[in-house]
Amino acid sequence: MDSEITLRVDGAAHPLTVDTRTTLLDALRERLRNTSPKKGCDHGQCGACTVLLDGRRVNSCLVLAVTVDDAEVTTSNGLATGDQPHALHRSFVEHDAFQCGYCTPGQICSAAGMIAEVRAGWPSAVTTDEVDLTDAEIRERMSGNLCRCAAYANIVPAVAAVAADEGVRR
Ligand code: FES
Ligand code: FES
């Protein structure tokens, strides 16, 4: 069964007719040719497909496109402002926080969503008293984003530097 929806992605509206079984990830990649989110597992296990949905991070392979009609979808590409990269983009480059780069757009969207969660005071499984974005907190909160190149040693400081700049890390 088909359904007519409008996908709002990185600030642009896209009217689409989609099979109701189409995932947001497939709609983005196969229909809109937005290859920023990557397909790793297609089962919600790797985080490569992470995008922001109305500002909250989601695995787009687990979201049906018909359920996000008119919601605001932001990919890693959309975090940039024109030609200006987002602070997380810059930090990942400065900290050499990738090797092949396949997981990177998902890592960056996840980090952006995660910093917003910390700013809102959301605790994680390793939070003790106050919410402070320590390295242990970053590792826990980013644990849904796997890196098959194991660039974690540089991903954590890349995220930590932006978190410190944004005042969510002491
Ligand atoms: S492709 Fe979505 S979590 Fe792996
Ligand atoms: S940089 Fe290769 S998967 Fe993360």
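Reader: Is Arg139 buried, partly exposed or exposed, and which relative accessibility puts Arg139 in that class?

Author: The general idea is a scale in which buried means under 20% relative accessible area, exposed means over 50%, and partly exposed lies in between, with a 1.4 Å probe and protein chains only. Arg139 counts as partly exposed because its relative accessibility is 48%. Before going on, please note that this is a predicted model, in which local features need pLDDT of at least 70 and side-chain atom pairs count only at pLDDT 80 or more, while totals for chains, interfaces and linings use all residues. Residues are numbered from 1 along each chain as its sequence is written, chains are lettered from A and ligands numbered from 1 in the order in which they are written, and side-chain values use heavy atoms, with hydrogens and water left out.

Reader: Which class of accessibility does Ile155 fall into?

Author: Ile155, a residue of helix α6 (residues 152-165), counts as buried because its relative accessibility is 4%.

Reader: How is the span of helix α4 to be read, and how many of its residues are buried?

Author: The expected span of a helix is 1.5 Å times one less than its number of residues. Helix α4 (residues 104-119), with 16 residues, reaches 22 Å from its first C-alpha to its last, which is close to the expected 22 Å. The helix is mostly covered, since 14 of the 16 residues of α4 are buried. After α4 comes Gly121, with a positive phi near 85°.

Reader: Which value does phi take in Asp10, and where does Asp10 lie?

Author: Most residues other than glycine have a negative phi, and most peptide bonds are trans. Asp10 has a positive phi, near 50°, and is located in the loop between β1 (2-9) and β2 (12-19). Asp96, in the loop between α3 (87-94) and α4, also has a positive phi, near 55°.

Reader: What is the volume of the largest pocket, and which element supplies the largest share of its lining?

Author: A pocket is found on a 1 Å grid over the protein atoms alone, as an open set of points where a 1.4 Å probe fits, with protein on both sides within 12 Å along at least five of seven lines; lining residues have an atom within 4 Å of a point. The largest pocket holds about 160 Å³ of space, and β4 gives the largest share of its lining, three residues. Residues of this lining include Arg57, Ser110, Glu117 and Asn145.

Reader: At what distance from the ring centre of Tyr102 does Arg148 lie?

Author: A charge sits over a ring if NZ of Lys or CZ of Arg is within 6 Å of the ring centre and within 35 degrees of the ring normal. Arg148 lies over the face of Tyr102, 4.9 Å from the ring centre.

Methods: Helix = DSSP H or I, 4+ residues; strand = E, 2+ residues; numbered from the N terminus. Points joined across faces, edges and corners; volume = space filled by probe spheres on them.
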